[in-house]
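I open a notebook on this entry and keep to what can be looked up in the coordinates. The entries below follow the order in which I looked.

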Amino acid sequence: MGLEPTETGTKAVKLLQSPAVRVGLSISIATGLYGVSFGALSVTSGLDFWQTMALSLLLFSGGSQFAFIGVVAGGGSGIAAMSAATLLGMRNGIYGMQLNALLHPTGWRRYVAAQVTIDESTATSSGQTDPDEQRRGFWTAGIGIYILWNLFTAVGALAGSGLGDPKQWGLDGAAVAAFLALLWPRLKGREPAAIAVVCALATVLAVPFVPAGVPILIAAVVAALIGWFSHGRSDEGLEPDVDPYDTHHGGRDKNRDTHRDLHGEGHGQAGKAGT
Amino acid sequence: MNLWIWLLLACVLAYAWKLVGYFVPATLLKDPRMSRIAGTMTIGLLASLTIVNTVASGPTLAADARLGALGAAAVALVCRAPFLVVVVVGAGAAALLRLIGWN
C-alpha cells in the first residue's frame, strides 16, 4: 500500500516521457488558448453566454463553431448557421473512420472518442507510428483540448460581454482574421488555393441576390462539386488548424509524411475514383 | 429562443458526423471521393466565411476597415504568427483604421 503513490508517480513520469503525450499536451495549450477568441467573438455576434458554452461543450469543433457565429454575425438565419456548421463538420466523420481503423475503441469509449474527434486529436494520433503512442496521442490531445477549449471559451465570453461596442475594438476584423487563419494551413499547393478563390468569388457574386448566410452554402455546393468531379489529393483540406508536428517537434518532415500516408489511404486509388 | 433550437440541432448533427465515422464499415474509407469532398468543402466554406465577413454588409458589398484586417492578418500568417496573434493583429488593424477615419 505504501508503495502505491510512488508507483503512480513513476507511471506519470513514464507517461510524460511519451512523445505523443508531450505533443498532445502542447497542442492542447495552443488550441485551447484560442478558445478565448471564439468566446469573445461569439458573445459580440449576438449569442449569449450559455449559447456560446453550448457550442464549445456540445458541438466542439472549432471551424464549425466559428462558422455558426460567423453566419449569425452577418445577419444570417439560424437554419443557415446550422447548415454551414454541419457541412463543415463532415470531415470529422472521415477522421472518425480513420481513428476507428487505428485505435479500435470499444464500448462506451467509442462514444467519448467520437466527441473529441477533431482536426488536432486526429493529427496528433496519426502522426505517430506505434499503436500505443497513437492511442495516447489521441486521448491526450482530445481530452486536453476539450478541457482547455471550454475553459478559455468561458474566459473569452465573460471578457467579450463587457467590451461595449465590438466594432470600436475591431472585433469584426478579428473574425475575418480568425477565418483566414483557419483557412491558411489548408492552402498547401496551387489546387486548394484555386478552390478557395473560386468559392470566394461565388460568395461575392451571390451576396446581393440571396439572403444573408446563403452565399456560404452556395460556396459549399461549388466546393463539393469540385471535389466530386476533380481527382486531386484525397486528403486535401484535411489539415489541422494548429499542426501538432510543426513547431513542437524537430522531426517535422518525417512525421508529416507519416501523417500524409495515414490521411491519404486512398491515394493510389485516386485515379480510379470514377470506376 | 428560436436560435437555441438551430444551435442544439447543429450540436446533435456535429456529434452524428463524428459518431458515424466509428460505425461505418472500414471499406468505405477506401473510397477517396467522400474524403475528397469533405476536404474541398472545408476549404470552400472557410474561404467563403472569410470573404463574407470581410466585404458583406447584409445584402450589400462594402469596402471598409475589415479589408485592412484581412491584409494585416495575411501578413501575420506569412510571418508564421500563431493563431491568437493573427486574430489580435486583425482586430488591431480594423480598430486602428476606424480610429483614423476609415470605416
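**Loop residues**

I looked up B:R80 and found it exposed, with 11 C-beta neighbours inside 10 Å. The cut-offs I use are buried for 20 or more other C-beta atoms within 10 Å of a residue's own, exposed for 12 or fewer, and partly exposed in between, with C-beta atoms placed from the backbone. I note that the model is predicted: local features need pLDDT of at least 70, side-chain atom pairs count only at pLDDT 80 or more, and totals for chains, interfaces and linings use all residues. Residues are numbered from 1 along each chain as its sequence is written, while chains are lettered from A and ligands numbered from 1 in the order in which they are written.

Phi of B:R80 is near 60°, which is positive in a residue other than glycine. B:R80 sits in the loop between helix 3 (65-78) and helix 4 (83-99) of chain B; I take helices (H or I, at least four residues) and strands (E, at least two) as DSSP runs, numbered from the N terminus.

I then turned to A:F60, a residue other than glycine with a positive phi, near 40°. A:F60 is in the loop between helix 4 (49-59) and helix 5 of chain A. Is A:F60 buried or exposed? A:F60 is buried, with 24 other C-beta atoms within 10 Å.

**Chain A overall**

I counted 14 helices and 0 strands in chain A. Of its 275 residues, 55% count as buried. For contacts I require C-beta atoms, placed from the backbone, within 7 Å. Among chain A contacts between residues at least 6 apart in sequence, 75% join residues at least 24 apart.

**Helix 7 of chain A**

Helix 7 (residues 90-103) of chain A has 14 residues and reaches 20 Å from first C-alpha to last, close to the 20 Å expected at 1.5 Å a residue. The expected span is 1.5 Å times one less than the number of residues. Because 11 of its 14 residues are buried, helix 7 of chain A is largely enclosed by the rest of the structure. Among the buried ones I list A:M90, A:R91, A:N92 and A:Y95. After helix 7 of chain A comes A:H104, with a positive phi near 45°.

**Helix 12 of chain A**

I checked the 17 residues of helix 12 (residues 190-206) of chain A: the end C-alpha atoms are 24 Å apart, in agreement with the 24 Å they should span. Its buried residues are A:P192, A:I195, A:A196, A:C199, A:A200, A:A202 and A:T203. They cover an arc of only 160° around the axis, which puts them on the same side of helix 12 of chain A; the arc is that of the directions from the helix axis to the C-beta atoms. On the other side, A:R190 and A:L205 are exposed. The buried residues of helix 12 of chain A pack against helix 11 (171-183) and helix 13 (214-229) of chain A, together with helix 2 (32-55) of chain B.

**Chain A against chain B**

I find 95 residues of chain A in contact with 73 residues of chain B. Helix 11 of chain A gives the largest share of the chain A side, 13 residues.

Key
Contact = placed C-beta atoms within 7 Å.
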